[in-house]
Amino acid sequence: MSTAPPVAKPVDADSAAIHSSIQRAQRAERAGRWGMACSEYERLIRDTATPEDTRLSAMRWLGRAYLEQGKRDAAADVLEGAVEAAKLANNPSAVAQALNVIAILEQTGGNLERAADLYGAARKQADEAGDRGLLAMIDQNAGVVANIRGDVAAALASFRMSLDGYQALGLSKYSGQVLNNMGLAFVELGDLESAEWAYARAISEFADHGDQTRSEEVAVNQIQLWIAMGKLDDAMAQSKRLMAMAEGTARPWIGEVQRHLGVIAREKSDYPAANDRLAQAAVCAEVSDDVLLTADVAEQQAELFWVQERHREMLSCLNRARSIYSRVDATHRLAEVERRNAKLEHRFLDIARRWGDSIEGADRYTQGHCQRVADVACMLAERSGIDKRDMFWFRLGALLHDVGKIIVPVDVLNKPGKLTPEEWELMKRHPVAGLELVADVDFPGDVRAMIRNHHERWDGKGYPDGLVGDATPLPARLLCLADVYDALTSSRPYRTALTHEQGVEIMRKSEGQFDPELLEMFLNWADAQVDMRACA
């Protein structure tokens with residue numbers, strides 16, 4: 001995000017005090033003393049000798065200083081005042097500057113739609129004023145918002161306009177950050193070659209202007225790009241170069257580079273090194289209180305555990321990452337976090353499916369069972385009024401409900417005849433075994449109940465706990481219906497699959513097995529399926 005920097009321009013010989021006040025405020029900002037900067041800007045605003053243009057700028061700078069301190073309400077008040085004052089002064093450039101900062105305020109608060117509208121309004125005012133430098137700045141900020149919202153094409157269009165604007169004005173020192181943002185957008189789009197071009201140009205621009213800090217930031221982004229491109233040796237060399245450069249210093253990106261080194265080691269199948277690097281990245285994230293890096297590292301650790309078939313630890317890491325994305329107060333990255341959280345939920349479910357599939361692979365009669373059960377169970381859950389916010393965990397519980405069957409020998413799972421009492425007791429242990437298998441994963445209670453209690457009965461004759469009536473949690477009672485339905489309508493070692501109508505009729509006549517109200521809801525759904533087939 002960009003805001004116009006304060007520009008100290010004495011108007012006449014009598015403005016020395018005003019000029020000095022602006023300089024003091026600028027020095028305070030560079031030192032991070034925002035309270036002192038605010039005092040200087042407030043003095044300028046109150047001083048009747050302050051020229052109108054300077055007063056308008058001071059109002060905008062004060063709003064930005066409040067924002068840097070987290071005083072969002074105060075920032076909003078003074079910036080709205082700056083807009084109105086600029087309109088009264090018929091100064092469209094000042095209006096655009098103030099609207100740009102208000103847009104940043106909305107953007108950092110996660111209100112991206114409002115921010116996009118404000119950038120549009122600011123751009124219109126800047127265009128009216130013919131302020132091409134301001135137009136380039138606003139275009140860059142608008143591109144950042146579009147990229148966060150996932151509209152990568154719009155983001156790139158804005159970045160290109162910004163880049164063209166800065167270059168036409170000869171302001172190449174601002175081009176580097178635009179190119180860096182373009183690189184991030186290209187990566188999101190999957191256009192890795194264009195991203196490589198943008199990052200290389202960004203580093204060149206920063207180097208030309210001696211901006212070492214920004215050059216290092218782009219270099220870190222290049223590592224992630226090269227990993228995605230499969231250029232692991234280039235990524236490794238860049239990582240080691242940066243780590244050597246950072247030795248004895250406190251560079252903010254050290255944790256990110258450690259994470260990249262962990263990913264590189266994992267891709268090279270050096271799992272001990274990968275574990276060590278990711279652990280170091282986690283420590284860096286904790287020390288710097290970077291919760292998003294903490295979540296990123298947890299995701300990468302989950303991948304490491306997955307390739308090692310350490311499923312319990314894998315799920316634990318994924319759950320930790322998802323928990324962070326769900327609860328974090330992301331302020332300036334709120335919308336990005338929400339997007340990443342949704343992406344992680346899909347990934348979490350996909351890995352749960354893959355785990356379930358790997359277990360079902362041992363049982364040739366139940367392949368696809370967990371997915372089918374999850375689909376029917378989620379439909380019933382929606383009809384029963386389960387909150388949509390809980391549906392993610394409900395589906396996960398449905399996908400994992402038979403995970404305990406990993407303890408059951410293949411010959412027992414596939415046995416075509418009746419199980420012996422010993423074999424039946426082993427089969428009946430799978431709900432408890434499943435819960436033991438995920439004991440280290442911080443699942444909500446409903447998921448645990450679905451794994452442990454999906455074979456309970458309404459009359460108390462189920463297992464493993466013999467729960468009676470609604471002592472069995474609702475999610476497990478819903479899952480029981482879907483589980484039995486799929487068992488009846490799919491082939492098993494001891495019989496062929498029943499038709500939909502046959503399976504439903506058996507469930508209709510079942511006494512004591514299901515919650516009567518939920519069974520009625522299920523039968524209504526089943527009857528609707530018959531009607532739909534008749535109309536097809």
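Predicted model: local features only at pLDDT ≥ 70, side-chain atom pairs only at ≥ 80, totals over all residues.
**Whole chain**

The protein chain is helical in its secondary structure: 26 helices and zero strands. It has 536 residues, and 48% of them count as buried. The accessible surface of the protein chain comes to about 25,200 Å². Carbon and sulfur atoms hold 50% of that surface. Sequence separation of contacts was also computed. Take the contacts between residues at least 6 apart in sequence: 55% of these join residues at least 24 apart.

| Pair | Residues | Angle | Axis separation |
|---|---|---|---|
| H2 and H3 | 34–46 and 52–68 | about 155° | 9 Å |
| H13 and H15 | 254–267 and 291–307 | about 10° | 11 Å |

**H2 with H3**

Angles over 145 degrees count as roughly antiparallel. H2 and H3 pack at about 155°, and are therefore roughly antiparallel to each other. Their crossing is left-handed. From H2, the contact takes in Trp34, Cys38, Tyr41, Glu42, Leu44 and Ile45. H3 answers with Arg55, Ala58, Met59, Trp61, Leu62, Arg64, Ala65, Tyr66 and Glu68. By class, the residues of this contact are 11 nonpolar, no polar and four charged.

**H13 with H15**

H13 and H15 pack at about 10°. That makes H13 roughly parallel to H15. On the H13 side, the contact residues are Gly255, Glu256, Arg259, Val263 and Arg266. They meet Leu293, Asp296, Val297, Gln300, Glu303, Leu304 and Val307 in H15. The contact of H13 with H15 divides into five nonpolar, two polar and five charged residues.

Terms used
Residues numbered from 1 in each chain as written. Heavy atoms only, no water. Axes fitted to C-alpha atoms, helices over the stretch in contact; angles between N-to-C directions. Helix = DSSP H or I, 4+ residues; strand = E, 2+ residues; numbered from the N terminus. Parallel < 35°, antiparallel > 145°, perpendicular 65-115°, else oblique. Left-handed = near helix turned anticlockwise from the far one by under 90°. Contact = heavy atoms within 4.5 Å. Nonpolar A, V, L, I, M, F, W, Y, C, P; charged D, E, K, R; others polar. Buried < 20%, exposed > 50% of the residue type's maximum accessible area, 1.4 Å probe, protein only. Areas by Shrake-Rupley, 256 points an atom, 1.4 Å probe, with all protein chains shown as cover.
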